[in-house]
Amino acid sequence: GNMEKIRIQKIIADSGVCSRRKAEVLIEEGRVKVNGHPALIGQKLDPKKDLITIDGERLFVAKKKELVYLMMNKPRGYLTSMGDDRGRRCVTELLPADLPVRVFPVGRLDLNSEGLLLFTNDGDFANDLMHPSRKVTKTYRVTVRPDITDEQAAKLSAGVYIDGRLTAPAEVRVLTKEPNRVVCEIVIHEGRNRQVRKMCEAVGLEVARLKRTAIGPLRLGMLKPGAVRPLNKEELRAIRTAISKPQTGGKR
């Protein structure tokens, strides 16, 4: 059907012969033909049916690589890395052994942090999700000791200095207060290294436990620690929508 038609310069670039820019140059120079006729930039083709040649050589269209998007509930005590020279446990050990492709973690949770961690082999998706301009929210459940004052909560919300720079405003809600421990929910719109821990330390809070429960619209839900599952269609649609447009300003 018509859905299969793709612009010629994209087909050439996806086949790994050269970049899209270079493909356009080759087309302009008349070196690309489709079914024996000179190709046009922007021309849409069906790579399964149409014969594309460059300088008379047939272009073999690479099979579209299978894109995989996974969610893990990272347990404490695992490093977010592909491997560790000191023999510590890494999140990649928890991935299913029968994955058809190699995936990498998107962003990171440090050794003693836990919760929602995404894995993919889609580099563009990962870059968009991590890009500061997209301001994708990250939600954390943070257990602090011994207590949190209104003043500390207000400082966290307004922004604190970590590594010499002010953090963007955050949302802070106290969920439960018990003797010597308080559980709060902290939502941030940026993703600096170890940010939530450093924010809490900056206002004098001791973090006993740190768990990421959501990234944008993606929620960890009931996924067990160490478990992995693919994102479903609705989740993928929701997260793509969240990263497709740079957000302007936070909620006020």
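This is a predicted model: local features need pLDDT of at least 70, side-chain atom pairs count only at pLDDT 80 or more; totals for chains, interfaces and linings use all residues.

1. A salt bridge, as the term is used below, is a side-chain nitrogen of Lys or Arg within 4 Å of a carboxyl oxygen of Asp or Glu. By that criterion the side chains of Glu206 and Arg145 meet in a salt bridge, with 3.0 Å from N to O. The pair links distant parts of the chain, since Glu206 lies in strand β15 (residues 206-215) and Arg145 in strand β10 (residues 138-145), 61 residues apart. Helices (H or I, at least four residues) and strands (E, at least two) are DSSP runs, numbered from the N terminus.

2. Residues are numbered from 1 along each chain as its sequence is written, and side-chain values use heavy atoms, with hydrogens and water left out.

3. On overall form, the secondary structure of the chain comes to 6 helices and 17 strands. The C-alpha atoms fill a box of roughly 80 × 40 × 35 Å, taken along the principal axes.

4. Burial is judged by relative accessible area: buried means under 20%, exposed over 50%, and partly exposed in between (1.4 Å probe, protein chains only). Buried residues make up 41% of the 252 residues in the chain. The accessible surface of the chain, from the Shrake-Rupley method with a 1.4 Å probe, comes to about 14700 Å², and 51% of it belongs to carbon and sulfur atoms.

5. Returning to the charged pairs, a search of the whole structure finds 16 salt bridges. Asp110 forms one of them with Arg197, the closest N and O atoms being 3.3 Å apart. Here Asp110 sits in the loop between β8 (104-106) and β9 (114-120), while Arg197 belongs to helix α5 (residues 195-202), 87 residues apart; both Asp110 and Arg197 are buried.

6. Glu114 forms a salt bridge with Arg209, the closest N and O atoms being 2.8 Å apart. This pair joins strand β9, which holds Glu114, to strand β15, which holds Arg209, across 95 residues. Glu114 counts as buried at 6% relative accessibility, whereas Arg209 is partly exposed at 37%. In the pair of the opening point, Glu206 is partly exposed at 42% and Arg145 is partly exposed at 39%. Elsewhere, Glu29, Arg31 and Asp55 are linked in a network of salt bridges.

7. Which residues have the most contacts inside the largest nonpolar core? They are Val142, Val144 and Ile186, in a core of 31 residues; such a core is a set of buried Ala, Val, Leu, Ile, Met, Phe, Trp, Tyr and Cys residues joined through side-chain atoms within 4.5 Å. The elements that give two or more residues to this core include β7 (69-74), α4 (150-158) and β14 (181-188), and the largest share, 4 residues, comes from β14. Apart from it lies another core, of 17 residues, among them Val106, Leu118, Leu223 and Leu236.

8. Contact means heavy atoms within 4.5 Å. Leaving aside residues up to four places away in sequence, Ile186 touches, among others, Tyr140, Val142, Leu156, Val196 and Cys200. Among contacts in the chain between residues at least 6 apart in sequence, 65% join residues at least 24 apart.

9. Two strands pair if DSSP finds at least two bridges between them, and 2 bridges join β2 (residues 32-34) to β3. The bridge partner of Val34 in β3 is His37.
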